[in-house]
Amino acid sequence: MSYVDGFVLAVPKANLDAYKKMAGNAGAVWKEHGALAYVECVADDVPYGELTSFPRAVQAKDDETVIFAWVVYESRQSRDAVMAKVMADERLKMDWSTMPFDGKRMIFGGFQPFIEL
């Protein structure tokens, strides 16, 4: 069964084009190093909930939009190997202070699927 990394983050709407360019480059690198799929989605129908929601989870401001993304790998072992290569890849070395989003509010983690249809 596969393995999935998931990400949720807030991107200033003014930086969305820069984020999309960065994500496109990152996705190509992930796939080159062995990821099976790389998907980035911009919020379309994510209401601000009373208790919890995607915007609340990343403390999205009025001038920001939520990004929901995931990467699929063959297995957890494959993910660990791919991630090591991705993190060492010079094409993805960036200065966090110039990123088009606030990385401190990004939520991410690895998930073991239990149903795949």
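Student: Where is the place of Asp5?

Tutor: In this predicted model, Asp5 sits in strand β1.

Student: Why is Asp5 called buried?

Tutor: Its relative accessibility is 2%. Buried means under 20% relative accessible area, so Asp5, at 2%, counts as buried.

Student: What makes the pairing of the Asp5 and Tyr73 side chains a polar contact?

Tutor: The two side chains are joined at 2.9 Å. The cut-off for a pair of N or O atoms is 3.5 Å, and 2.9 Å falls within that limit. The side chain of Asp5 also makes a polar contact with the side chain of Arg79, again at 2.9 Å. Tyr73 and Arg79 are both among the residues in contact with Asp5 once neighbours within four places in sequence are left aside, and that list also includes Ala69, Trp70 and Met83.

Student: Why is Val39 called partly exposed?

Tutor: Val39 has a relative accessible area of 24%. Partly exposed lies between the buried limit of 20% and the exposed limit of 50%, so 24% puts Val39 in the partly exposed class. Val39 belongs to strand β2, residues 37-42.

Student: Which residues is Val39 in contact with, leaving aside its neighbours within four places in sequence?

Tutor: Phe68, Ala69 and Trp70. Contact requires heavy atoms within 4.5 Å. As for Ala10, which is 29 residues from Val39 along the chain, the two C-alpha atoms are separated by 16 Å.

Student: What makes Val46, Phe54 and Phe68 a nonpolar patch on the surface?

Tutor: Patch residues must have over 30% relative accessible area. Phe54 has 37% and is partly exposed, so Phe54 is over the 30% limit. Together the three residues have about 230 Å² of accessible area. Phe54 lies in helix α2, residues 54-57.

Student: Which residues touch the most other members of the largest nonpolar core?

Tutor: Of its 22 residues, these are Leu9, Val11, Tyr19, Trp30, Tyr73 and Phe101. Two or more residues each come from β1, α1, β3 and α3, and α1 gives the most, with seven.

Student: How do you know that membership of a nonpolar core implies burial?

Tutor: A core is by definition a set of buried residues of listed kinds, joined through side-chain atoms within 4.5 Å. Leu9 is a member of the largest core, so Leu9 must be under 20% relative accessible area. Leaving aside neighbours within four places in sequence, the contacts of Leu9 include Tyr19, Ile67 and Phe101.

Student: Which residues does the second, separate core include?

Tutor: Among its five residues are Ala10, Val58, Ala60 and Val66.

Definitions and conventions
Residues are numbered from 1 along each chain as its sequence is written. This is a predicted model: local features need pLDDT of at least 70, side-chain atom pairs count only at pLDDT 80 or more; totals for chains, interfaces and linings use all residues. Side-chain values use heavy atoms; hydrogens and water are left out. Helices (H or I, at least four residues) and strands (E, at least two) are DSSP runs, numbered from the N terminus. Buried means under 20% relative accessible area, exposed over 50%, partly exposed in between (1.4 Å probe, protein chains only). Patches are made of residues with over 30% relative accessible area and no salt bridge: like charges are joined within 9 Å, nonpolar side chains (Val, Leu, Ile, Met, Phe, Trp, Tyr) within 5 Å. Accessible areas come from the Shrake-Rupley method with a 1.4 Å probe; for residues, only the protein chains shown count as cover. A salt bridge is a side-chain nitrogen of Lys or Arg within 4 Å of a carboxyl oxygen of Asp or Glu. A polar contact is a pair of N or O atoms within 3.5 Å; within protein, one must be able to donate a hydrogen and the other to accept it, and residues adjacent in sequence count only if both atoms are side-chain atoms.
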